[in-house]
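Morning, everyone. Please take a look at the structure on the screen, and then we'll walk through it.

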Amino acid sequence: MDRQSRRRFLTGSAAAVGAGAVAAVGFPSIAVAQTTTLRFQSTWPNQDIFHEFAGDYVRIVNEMSGGRLRLNLLPAGAVVGALQLQDAVISGALDGGHGVTAYWYGKHKAFSLFGTPPPFGWDAHQFLAWFWTGGGSELYAELLEMLELPLVGYQTGPMPTQALGWFKEPITSADDLRGLKYRTVGLGADLMNEFGAAVTIMGGGDIVPAMDRGLLDGAEFNNPSSDRLLGFPDVSKTWMLRSYHQDCEAFEIIFNKTRHDSLPDEFQAILEYAAKAASSEMYWKAMERYPRDLNGMREEQGVQTYITPDSVLQAQLEAWDVVIERESRNPFFKKVVDHQREYCERVVGFHLEGNTPKEPAYQHFYGKLPTDTSTVL
C-alpha cells in the first residue's frame with residue numbers, strides 16, 4: 001500500500017471509529033433504556049376539565065422525557081375514590097396523583113393552608129409564588145415530615161376566586177346560610193360552619209347527584225367549565241358569584257416518596273418542571289374556556305348569576321378571623337399562617353400600591369362593568 005492509499009485508509013478508519021464512538025456515547029440511553037411507568041390517578045371525574053388539566057401534566061411529563069418516563073392517567077374511582085387518593089399513594093397502590101391539599105385537612109388543618117389559604121388579599125398566582133419562592137414549599141415538606149407521610153409534592157395551577165355556589169334561591173344575607181346543607185372542602189368547611197351551615201365534604205362527582213336527591217341545599221365546586229360539565233345547571237339555576245371561602249386555590253401533585261426517590265435525578269427534575277409548565281398552560285386554557293362556559297350556561301341553560309352581597313363577604317372575613325384564631329392554637333398551623341400573613345402584607349401591598357385598578361379601564365373601553373351581566377343584590 002502506497003503512502004497516499006495508506007493515508008486514505010487511516011482517515012476513513014478514524015472517521016468510522018469516531019462515528020461509532022459518538023453513537024455509543026450519545027444514543028444508548030435512548031436506544032436501550034427501558035420505559036419507567038407510573039400509575040397516576042386524579043381526584044376528578046373523567047368529564048371534568050380538572051381531569052383534563054391532570055392529563056396536560058401527564059402529557060408534558062411524557063413528552064419531556066421522550067417517552068422514557070411515562071405516567072398512565074386514571075380518573076377518580078379507577079383505583080380509589082377522590083378522598084382516598086393520598087392514602088393510596090402512600091401505600092403504593094398508586095405511584096402519584098393530582099388533587100388539592102384541602103382534601104387532606106382531616107389529617108391536619110394546615111394542609112388546607114397549602115391549597116385554600118385565608119383571603120389575605122392575594123390571588124392564586126401570588127399564592128404559588130409564595131409556595132415556590134417564598135418559603136411555602138419548605139413548610140409543606142416540613143408538614144409531610146412531621147406527619148410521617150412518605151410523599152413528595154408540588155403546588156400547581158392557579159385557580160381564580162371560587163363562587164359561593166349553587167342554591168335554590170339567591171343568598172341575600174349571611175342569615176340565609178344558617179341551617180343550609182352545604183358542600184365545600186378544607187378550611188372553607190370551618191368557615192361555613194361559623195354561619196350555622198351544615199357542611200358536607202364530598203368529591204366532585206358526588207355533588208350534583210346529592211343536590212338532585214335533596215341531600216344538599218347548596219354547593220360549590222370551582223369554576224364555570226367544571227360546574228357545567230358536572231351538571232350543576234341541571235339541578236339549580238341560581239349561581240352566586242364571589243366568595244372569600246376559597247378566594248384562591250391551587251392543585252397539588254403528589255408522588256410516593258420511595259418511588260420518586262428511586263427515579264434518576266433527570267426524571268425527578270422532569271416531574272417538578274412539568275408541574276411548573278402545566279401550571280401556566282392550565283391558566284391559559286382556563287382563561288379561554290371559563291368565560292365561554294359561563295356565557296353558555298346563561299344563554300343556553302337559563303342560569304341566573306348573582307353577585308354575593310358585600311355584607312356576606314364582610315361576614316366571611318370576620319368569620320375567617322375566628323377560624324384563624326382557633327386553629328392557630330396548633331403551633332404548626334400558626335407557623336404557616338403567620339408566614340403567609342407576613343408574605344401577603346409585603347407582596348400584596350406592593351401590588352395594590354403599584355397596579356392601576358382594572359374596572360375603570362374596562363368600563364371606559366366597553367361602556368359597562370363585568371357585573372352588568374349578573375344581578376347585584
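Which residue does UniProt list for "binding site"? The record, an unreviewed entry, lists F221. Keep in mind that this is a predicted model.

So where is F221? It sits in the loop between β8 (218-219) and α10 (224-230). Is F221 buried or exposed? F221 is buried, because its relative accessible area is 5%, and buried means under 20%. Leave aside residues up to four places away in sequence, and F221 still touches W44, D48, F50 and Y103, among others. Its contacts also include Q162, R183, G204 and I207. S226, D227, L230 and F232 are on the list too.

The largest pocket has a volume of about 1800 Å³. It is lined by 47 residues, and the closest to its centre are P160, T161, R242, E359 and P370. Which helix gives the most to that lining? That's α12, with eight residues. Several other elements supply at least two residues each, including α6 (124-133), β4 (151-159) and β9 (238-241).

C344 is in no disulfide either. Both are buried: C248 has a relative accessible area of 1%, and C344 is at 3%.

Methods. Residues are numbered from 1 along each chain as its sequence is written. This is a predicted model: local features need pLDDT of at least 70, side-chain atom pairs count only at pLDDT 80 or more; totals for chains, interfaces and linings use all residues. Side-chain values use heavy atoms; hydrogens and water are left out. UniProt positions are given in the numbering used here, feature names are shortened, and annotations may be inferred rather than shown by experiment. Helices (H or I, at least four residues) and strands (E, at least two) are DSSP runs, numbered from the N terminus. Buried means under 20% relative accessible area, exposed over 50%, partly exposed in between (1.4 Å probe, protein chains only). Contact means heavy atoms within 4.5 Å. On a 1 Å grid over the protein atoms alone, a cavity is a set of points where a 1.4 Å probe fits but cannot get out, and a pocket is an open set with protein on both sides within 12 Å along at least five of seven lines; lining residues have an atom within 4 Å of a point. Grid points are joined across faces, edges and corners, and a volume is the space filled by probe spheres set on the points. A disulfide is a pair of cysteine sulfur atoms within 2.5 Å.
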